[in-house]
Amino acid sequence: MISRYDAIAEKIRHFSVTACLVPICSLYGAAITTVEGVGSTKTRIHPVQERIAKSHGTQCGFCTPGMVMSIYTLLRNHPEPSPEQLMETLGGNLCRCTGYRPIVEAGSSFSPSSSCCQMNRDGRCCLDQKQNEHESKANVCTKLYEKEEFQPLDPTQEFIFPPELMRMAEEPQKKVLTFHGERTTWITPGTLNDLLGLKKKYPKAPLVVGNTCVGPDMKFREVVHPVILSPARTLELFVVATTEEGLTLGAGLSLARVKDILADVVWKLPEERTQTYRALLKHLSTLAGQQIRNLASLGGHIVSRLTTSDLNPILGVGHCILNIASIEGTQHIPLNSHFLAGDANLKPEQVLVSVFIPVSEKWAFVSAFRQAPRQQNALATVNAGMRVLFKDGTHTIADLSIFYGGVGPTTRSATKSCRQLIGRCWDERMLSDACRLVLDEVTLPDSAPGGMVEFRRTLMISFLFKFYLDVLQQLKMRDPSGYPDTSKKFLDALADFPLTTPRGIQSYERVDPQQPPQDPVGRPVMHQSGVKHATGEAVFCDDMPAFSGELFLAVVTSTRPHAKLISIDASEALASPGVVDVITAQDVPGDNGSEEERLYAQDKVACVGQVVCTVAADSYAHAKQATQKVKIEYEDVEPVIVSIQDAIKHRSFIGPEKKLEQGNIEAAFQSVDQIIEGEVHFGGQEHFYMETQSVLVVPKAEDKEVDIYVSSQDAAFTQEMVAHTLGVPKNRINCHVKRVGGAFGGKASKPASLAAMAAVAANKTGHPIRFILERGDDMLITGGRHPLLGKYKVGFMNNGKIEAADIEYHINGGCTPDESEMVIEYALLKLENAYKIPNLRVRGRACKTNLPSNTAFRGFGFPQGAFVTEVWLAAVAAKCNLPPERVRELNMYKAIDKTIHKQEFDPKNLRRCWEKCLESSSYYIRRKAAEEFNQQHYWKKRGLAIIPMKFSVGFPKSFYYQAAALVHIYTDGSVLVAHGGVELGQGINTKMIQVASRELKIPMSYIHLGEMNTVTVPNTIGTGGSTGADVNGKAVQNACQTLLRRLEPIISQSPQGSWEEWVNEAFTQSISLSATGYFRGYRADMDWEKGEGNMPPYFVFGAACSEVEIDCLTGAHKNTRTDIVMDASFSINPAVDIGQIEGAFTQGLGLYTIEELKYSPEGVLYTRGPNQYKIPSVTDVPEELHVSLLTPTPNPIAIYSSKIPKIDCKCCKPWSIAVA
């Protein structure tokens, strides 16, 4: 949070910012508050931190400090914020774990008003009534935490603004401030004359206020500016002046400040005079996120003239004037099509001082439109500003302006079209001609950068149609008798989807009243590290203090998809400042990976993004700069295989074809009523864990020992890879994993390779190595979810009963095997989902391509395979003219049966989840309501879909399920637990403490769980496949039971004694207070030759229903409600399990409706950061999200008869959209 004193307004302003964009030099005169300054476990935690932790609003915890700072800043400005202010505040924050609902709940607890509904007559909220309904059933609880325990917010206890900074603001010094860096000099002038003189002296120097344009260019595009000018102390650039003619705004004002000013002006002036201001306000609410708007300046936004600028099209149609100054004098430039097209440029020595925005004329109407991948914090696909002026009292066009963004390299104006329409009446004939003229003038070639050409053309016309309707409606409001009525069916096109606050009910089985109060199993216990996440005290890999002599590693990656390596010239890089060494394959003392998957590229490269070498330097900046100086000579090799279709054509595969079959396919196809065939293309997905791949390698002085601190799901595999690479035994390598900032499968195999690269660098240089991938490099190098091509042939009866299906899958494995063979196996094993297809043949292969190797991802083949299944089920329903849910239910497993791999299971809980979801979602009532809505609305449509799920947990081999633990009891009664699982945010450590607490019959406060490392618990299995808590819980249970058996004779002799007394007596009797625990694993096997096996130890069942509303003109959609029912059996921790369900659902929502990886034909990844790749934000989650854990039935195979609930990214939203 940045705080500044505004001497003119005599007010302290607090604003949250994106820290990585803020140059230290720009903070002169500002007070800075970080999460550590808000509260701490060493002093006191702030109510914001407490509420996020206790509301279960943190899982991996990496994003939590940012959430805390956003809400904290909001509370400093508004101690009782409205729901709208909260949503606007969180719109710029991202979380990959939680699904946002608990974070919003934590923030909403400070709001005095209810955001969910109008209160009923008795003053109670509708959700309260629903909660009571749930709680009255069976023994169901809907509370995950106690609000009454929250400490109140006391604004008087916050830090005061430093008086010295206040005096500096009231008596500003006019001297020029200069800061000299290694490559850049930062100059802050004190007056406008100083600024103009410096601009004359340094005409190429950019002006930086918010650094939201120059900063990313310098960081990601290696742009170097020897001089940067900062006009932050130039008062003329922050002017706000109001006259009868309009509003003059300083170019240095932040967009957030502009928004506040415009809102104040709109409130004071008549509506007809504020048309342009209202249009600007509309876009300022969704432009970027709050943190960016707090930094970005109005002048920077205008002068950058980005094609996706949301404000320039509105300013262009609003006849705005740019007030320019230079040392020679002032100038006024119209902000028109010439300026926006780049035909009228500022001279290098000129400075944009302010912008004049005139008030609207009486018969002028201005509208703004945009469509983006996300409702907030995403660049527009297409945007528009439109203005029409009528002759007084008529609907004859006197002037017309239409500007589009996103349809060319600059903002485009339909000047010729508008000129031809002047004098025309505002009617449907004019609209038809306008659409034709605009499409002819504002052309978009089929090869236009960014693709989606037809979609963008459609948006241009849709926006024009919306403008036409909007103006008609406003004319009607001004003169009800002078203009005809517009059908309500058409007017629904005008309303944008509102930003709503997510809410919902989470229900689960209460614990048995007979259960001892200190037994935490089955209770919604807060995440073990929740408070530390919220205070910023949770230490992640890159938070570790620097080691003496530590070096930083940066990667040099291949720029060719398939080529021979001819030479690597690192001489210029080695001569660069701070560089210690360049590491290549020649420096590997042991194995350089395997023949199929090299650590450092050797002789050839197989994809763009393959690591060729690394640079070790005294700072990351020096290492990164030196990577640009490594010269690599390639010789291209054919073919270059990028797509699945390319791989099939060239017979490029990883491993043999896998096949499963049951029944008689050919005979079944002969006897069915109908047959359909088709294919489905399913794109990939980026893990986008908040903490990028991170490793810290520390060589020791003796015996070639090495400590590895790594963010990994599989410490033992990392240990093994480093040992092989260095050519030493595994007992010399100790891998430490305290916590991981999100993983989702992306940190199963990849960290081992990266740790091995860093270990080679440490071995060669003799220095500790810190290796933290930047987001762009992480996305380029590490791969993600496998894209899939599915082909199907399905035979069915006219009643919707499916009798036969022949399915073929191909996945894009990338350039190395990684986990691809196992992923295609799982896709086939889980393809049938919840449906019994009596005659079924499934085949699949992994394709080898020239892309970075794809890897494990949450669901592990299930989201792709099951999606294709749902596609052909929906196609069958359409062919039979039946509701999709009827076809799904008809084909669902109904009684004890065998899967396609001949494993017997009981689908009773599958049916229960389905029926419970139908009931709790009021499916049939709401479907009828949606049908009525669709009849009454022409451009807005609603759809509902309900999807069942049968998910097989775990792996196909028994050894994957083994687990070990180590439990120590100390003589003061405290207990230390270690186990082989890794805390990824899924709450495994919290559950292990709960297990130990129950088994030892002691409070959780007695138990501590430290880091996971390969010395304490060796030979571990990677944490994944939804089995971590299951198997490690068994191991912890085993160790605790061993210890309790040793203590039983002492306890029986002194039953009234205390735990501490029993422990001390055991010590005096020389009874060991340390025990290992071990779980051999579940029996699991899969014989692909026979096509049978007991692959999972058990199945998890579920069902989900979503309702979606779509805008048929723009493709915008809103998930209005989702109901999820999951079979968790007896949940160890309902809060953790429900959080995992909500997070996985939101990740699935991104997979199916928002996220998209884009590659060039040569395999270059375009989407390499949050600017291009969009994951769901807080505005994308359902308005209502209800999660219910099914009333439990025993699962005796698992610990405490629990199950790990698994929604596995299988989202019903796309089917709701299809229905709508």
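This is a predicted model: local features need pLDDT of at least 70, side-chain atom pairs count only at pLDDT 80 or more; totals for chains, interfaces and linings use all residues.
Partly exposed, as I use it here, means a relative accessible area between 20% and 50%, with buried under 20% and exposed over 50%.

I'll start with the aromatic rings. Searching the whole structure gives 26 aromatic pairs. One of them joins phenylalanine 390 and tryptophan 426: the ring centres are 5.6 Å apart and the planes meet at 85°, so this pair is edge-to-face. Where do the two residues of that pair lie? Phenylalanine 390 is in strand E14, residues 382–390, while tryptophan 426 is in the loop between helix H16 (415–421) and helix H17 (428–441), so the pair ties together parts that are 36 residues apart in sequence. Both phenylalanine 390 and tryptophan 426 are buried.

Another aromatic pair, phenylalanine 959 with tyrosine 960, is stacked, at 4.5 Å centre to centre and 25° between the planes. Now the definition I opened with. Phenylalanine 959 has 46% relative accessibility, so it counts as partly exposed. Tyrosine 960 has a relative accessible area of 23%, so that residue is partly exposed as well. Phenylalanine 959 and tyrosine 960 also belong to a cluster linked by ring pairs, together with Phe955, Tyr961, Phe1079 and Tyr1082.

Rings also turn up next to charges. Arginine 942 has its charged end over the ring of phenylalanine 933, 3.8 Å from the ring centre. Arginine 998 lies over the face of tyrosine 1200, and there the distance to the ring centre is 4.6 Å.

Next, two single residues. Leucine 780 belongs to helix H27, residues 775–782. Is leucine 780 buried or exposed? Its relative accessibility is 4%, so leucine 780 counts as buried. In sequence, leucine 780 and glycine 609 are 171 residues apart, yet their C-alpha atoms are 5.6 Å apart in space. Leaving aside residues up to four places away in sequence, leucine 780 touches Thr557, Val608, Gly609, Pro852, Leu1165 and Arg1168. Glycine 609, then, is also among the residues that leucine 780 touches.

The other residue is glutamate 657, in strand E24, residues 653–662. Its relative accessible area is 38%, so glutamate 657 is partly exposed. With the same exclusion of residues up to four places away, glutamate 657 touches Arg843, Gly844 and Arg845. As for leucine 499, it is 158 residues from glutamate 657 along the chain, and the two C-alpha atoms are separated by 48 Å.

Helix H11, residues 275–284, is mostly covered, with 8 of its 10 residues buried. The buried residues in H11 are Gln275, Thr276, Tyr277, Ala279, Leu280, Leu281, His283 and Leu284.

Last, the empty space. Rolling a probe the size of a water molecule over the atoms shows where such space is left. The count comes to 10 cavities of 30 Å³ or more. How much space lies in the largest cavity? About 90 Å³. Its lining consists of His56, Thr58, Gln59, Val525, His527, Gly985, Ala1135, Val1136 and Gly1139. By type, the lining residues of the largest cavity divide into 3 nonpolar and 6 polar, with no charged residues.

Terms used: Residues are numbered from 1 along each chain as its sequence is written. Side-chain values use heavy atoms; hydrogens and water are left out. Helices (H or I, at least four residues) and strands (E, at least two) are DSSP runs, numbered from the N terminus. Buried means under 20% relative accessible area, exposed over 50%, partly exposed in between (1.4 Å probe, protein chains only). Contact means heavy atoms within 4.5 Å. Rings of Phe, Tyr and Trp (its six-membered ring) pair if their centres lie within 6.5 Å; planes under 30 degrees apart count as stacked, over 60 as edge-to-face and the rest as tilted. A charge sits over a ring if NZ of Lys or CZ of Arg is within 6 Å of the ring centre and within 35 degrees of the ring normal. On a 1 Å grid over the protein atoms alone, a cavity is a set of points where a 1.4 Å probe fits but cannot get out, and a pocket is an open set with protein on both sides within 12 Å along at least five of seven lines; lining residues have an atom within 4 Å of a point. Grid points are joined across faces, edges and corners, and a volume is the space filled by probe spheres set on the points. Ala, Val, Leu, Ile, Met, Phe, Trp, Tyr, Cys and Pro count as nonpolar, Asp, Glu, Lys and Arg as charged, and the others, Gly among them, as polar.
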